Amino acid sequence: MSNLKIFLGLLSMLYSASKELGLENLTKSDEQVLFVLWELFKKEKPPLKISYDSFLKASEGLGLVVSRAQFYKSLKSLEEQKIILRVGSDRSQTYDISVSLSS
């Protein structure tokens, strides 16, 4: 029971933080894509070239299920919300993390 209380407390804090940051409307897929991107941004110097195949490789073993179509839809959503920034042309697949997130 105490593990459940801890888990619910963490969920409550996560919800409060996402609401405070204006991120409460992210879908589960958006959150999963953002999580993998963040892990990649921490390992590699941005800007980061990301394709669906590189996303699958980076998310291996995490139990994430994001279809190709959903992956690109999530990238577009994250870009529209200015969480990630596209670098180069519309088809470049190169992104940087928002300046407000990286500081």
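Tutor: Helices here are DSSP runs of H or I with at least four residues, strands are runs of E with at least two, and both are numbered from the N terminus. The model is predicted, so local features need pLDDT of at least 70 and side-chain atom pairs pLDDT 80 or more, while totals for chains, interfaces and linings use all residues. Residues are numbered from 1 along each chain as its sequence is written, and side-chain values use heavy atoms, with hydrogens and water left out.

Student: How do you know that Glu39 and Lys42 are separated by about one helical turn?

Tutor: They are 3 residues apart in helix 2. An α-helix has 3.6 residues a turn, so residues three or four places apart point the same way.

Student: What makes the contact between Glu39 and Lys42 a salt bridge?

Tutor: A salt bridge is a side-chain nitrogen of Lys or Arg within 4 Å of a carboxyl oxygen of Asp or Glu. The N to O distance between Glu39 and Lys42 is 3.2 Å, so the pair meets the definition. A search of the whole structure finds 3 salt bridges.

Student: Why is Lys42 called exposed, and Glu39 partly exposed?

Tutor: Relative accessible area decides it: under 20% is buried, over 50% exposed, and in between partly exposed (1.4 Å probe, protein chains only). Lys42 has 53% and is therefore exposed, whereas Glu39 has 26% and is therefore partly exposed.

Student: What are the N to O distance and the elements for the salt bridge of Arg68 and Asp53?

Tutor: The side chains of Arg68 and Asp53 meet at 3.8 Å, N to O. This pair links distant parts of the chain, with Arg68 in helix 4 and Asp53 in helix 3, 15 residues apart. Arg68 is partly exposed at 44%, and Asp53 is exposed at 51%.

Student: Which elements do the buried residues of helix 2 pack against?

Tutor: The buried residues include Val33, Leu37 and Phe41. The buried residues of helix 2 pack against strand 1 (48-49), helix 3, helix 4 (68-80), strand 2 (84-86) and strand 3 (94-97), where contact means heavy atoms within 4.5 Å.

Student: How many aromatic pairs are there, and why is Tyr52 with Phe55 called stacked?

Tutor: The structure holds 4 aromatic pairs. The ring centres of Tyr52 and Phe55 are 6.3 Å apart and the planes at 25 degrees, so the pair is stacked. The definition pairs rings of Phe, Tyr and Trp (its six-membered ring) with centres within 6.5 Å; planes under 30 degrees apart count as stacked, over 60 as edge-to-face and the rest as tilted. Tyr52 is buried at 10%, as is Phe55 at 1%.

Student: What makes Phe71 and Tyr72 an edge-to-face pair?

Tutor: The ring centres of Phe71 and Tyr72 lie 4.9 Å apart and the planes at 75 degrees, so the pair is edge-to-face. Phe71 is buried at 0%, while Tyr72 is partly exposed at 31%. Ring pairs link Tyr52, Phe55, Phe71 and Tyr72 into a cluster.
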